[in-house]
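Subject: Structure for you to look at

Hello,

Please find the sequence and the structure below. My notes on what was found follow after them.

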Amino acid sequence: MADPTPLTVVLGDQLSPESPLLTRTDGAPARLWMAEVIEESAHVPSHKARTVQFLAAMRHFRDARRADGHEVLYRELDPQDFRDLAGALVEDCREHGITSVRMLEAGDHRVEHGLRSALDAEDIALEIHPDPHFLCDRATFEEWLGRQKQPRMEFFYREMRKRLGVLLEPDGKPVGGKWNYDADNRESFGKDGPPAVDQGGRFAPDALTQAVIDRVEAVLPDNPGSLEHFAWPVTPAQAEEALDDFIERRLPDFGRYQDAMWTGRPFLFHARISAAMNLKLLDPRKVVARAEAAWRDGDAPLNAVEGFIRQVIGWREYVRGIYFARMPGYLDENALGHDAPLPDFFWTGDTDMH
């Protein structure tokens, strides 16, 4: 028997507890569908830590939504199941008599196109809603792109600053008199190396995350990377803690040392919150507001705060916009003519290079 209740697809990078699709139009909890599939970590070999962070965050989200009263149809990673995301969804729609599906825009053109095509072939209605997590929607970016002779990120970034009212004087001019302080963010450490920096914001795996680590080691043993020191945030609370840690301990020196590197020091002054933002565990509006407040309160210099905010509302939004505006043809572009295969050390890290 057909089920008229829409099935809400929640992808692995859409884990915001504030998602507008977590309730139906009548205010009732939505019926959610989530799936862990091998294809998403194997079509391009993903680092094991990336896969674990995705799946652990998904399982924590699943359990939190069930505790909220939602029904969640969930597929865990199965070494015998090689269906892709679209195949898994179609199978579950058939089993439960689902006739309509809704979702937020996918972060990956391949995923969105695959789901749309598979559901269309089954005559299952699909509603795709804009992803409110991003600060510039696809249509707005394409409109901006159409007005540019040179679609430089810097021009886009300045427009975003004005639109969002970030780091502006009351008259709309940039605080400090300049839009960009990148020239102040190129210091090196010198022969004595970097100063001491607290590397907090790391989280020991709980039982749920450890179960994911064990499963990924068993199912994807040949994927690159090690899980020996996995400590990434996998819940909104952990992501907030990681943000607090960065703002309080490393943001003040992030600017001047953001491009400096040192052997044996993999993180230094960086935030390490991009993955949490990309999984929607952390809202970029909050990230930007916290950074700007640190400058206004005198806790971090302008060059550091501006440089960090530029990554969030400039580069992050710009790269997403360019990607979707130029796909699917973008996939086959090779402007620099790179035709040689990647060297083995790209996957293993076994190299004499610093």
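Strand β3 is mostly covered, with 4 of its 5 residues buried. Buried means under 20% relative accessible area, exposed means over 50%, and partly exposed is in between, with a 1.4 Å probe and protein chains only. Helices (H or I, at least four residues) and strands (E, at least two) are DSSP runs, numbered from the N terminus.

Before the rest, some words on the source. This is a predicted model, in which local features need pLDDT of at least 70 and side-chain atom pairs count only at pLDDT 80 or more, while totals for chains, interfaces and linings use all residues. Residues are numbered from 1 along each chain as its sequence is written, and side-chain values use heavy atoms, with hydrogens and water left out.

The strands

β3 covers residues 71-75 and pairs with β2 in the parallel sense over 5 bridges. Two strands pair if DSSP finds at least two bridges between them. In this pairing, arginine 31 stands opposite glutamate 71 in β3.

Valine 9 stands opposite methionine 103 in β4.

Strand β4 (residues 100-104) is mostly covered, with 5 of its 5 residues buried. Ser100, Arg102 and Leu104 point one way from β4, Val101 and Met103 point the other way, and all are buried. Strand β5 (residues 125-129) runs parallel to β4, and 5 bridges join them. Arginine 102 stands opposite glutamate 127 in β5.

The whole chain

How many helices and strands does the chain have? The secondary structure comes to 13 helices and 5 strands. The radius of gyration of the chain is 22 Å, close to the 20 Å that the globule rule gives for 354 residues, so the chain is as compact as a globular protein of that length. That radius is taken over C-alpha atoms, and the globule rule is 2.2 Å times the number of residues to the power 0.38. The C-alpha trace spans about 70 × 50 × 45 Å along its principal axes.

Of the 354 residues, 47% count as buried. Among contacts with a separation of 6 or more, 77% are between residues 24 or more positions apart; contact means heavy atoms within 4.5 Å.

Most residues other than glycine have a negative phi, and most peptide bonds are trans. A cis peptide bond joins methionine 327 and proline 328, with omega about 5°. Proline 328 is in the loop between α12 (302-326) and α13 (345-348).

Leucine 167 is not a glycine, yet has a positive phi of about 50°. Leucine 167 sits in the loop between α6 (153-164) and α7 (207-219), and counts as buried at 0% relative accessibility. Arginine 272 is not a glycine either, and has a positive phi of about 60°. Arginine 272 lies in the loop between α9 (251-257) and α10 (274-278). Is arginine 272 buried or exposed? At 12% relative accessibility, arginine 272 counts as buried.

Methionine 160 lies in helix α6 and is buried, at 0% relative accessibility. Not counting residues up to four places away in sequence, methionine 160 touches Leu135, Cys136, Ile313 and Glu317. The C-alpha atoms of methionine 160 and arginine 83 are separated by 40 Å, and these two residues are 77 residues apart along the chain.

Glycine 87 is found in helix α3 (residues 85-96). Glycine 87 is partly exposed, with a relative accessible area of 23%. The C-alpha atoms of glycine 87 and alanine 118 are separated by 7.4 Å, although these residues are 31 residues apart along the chain.

Regards
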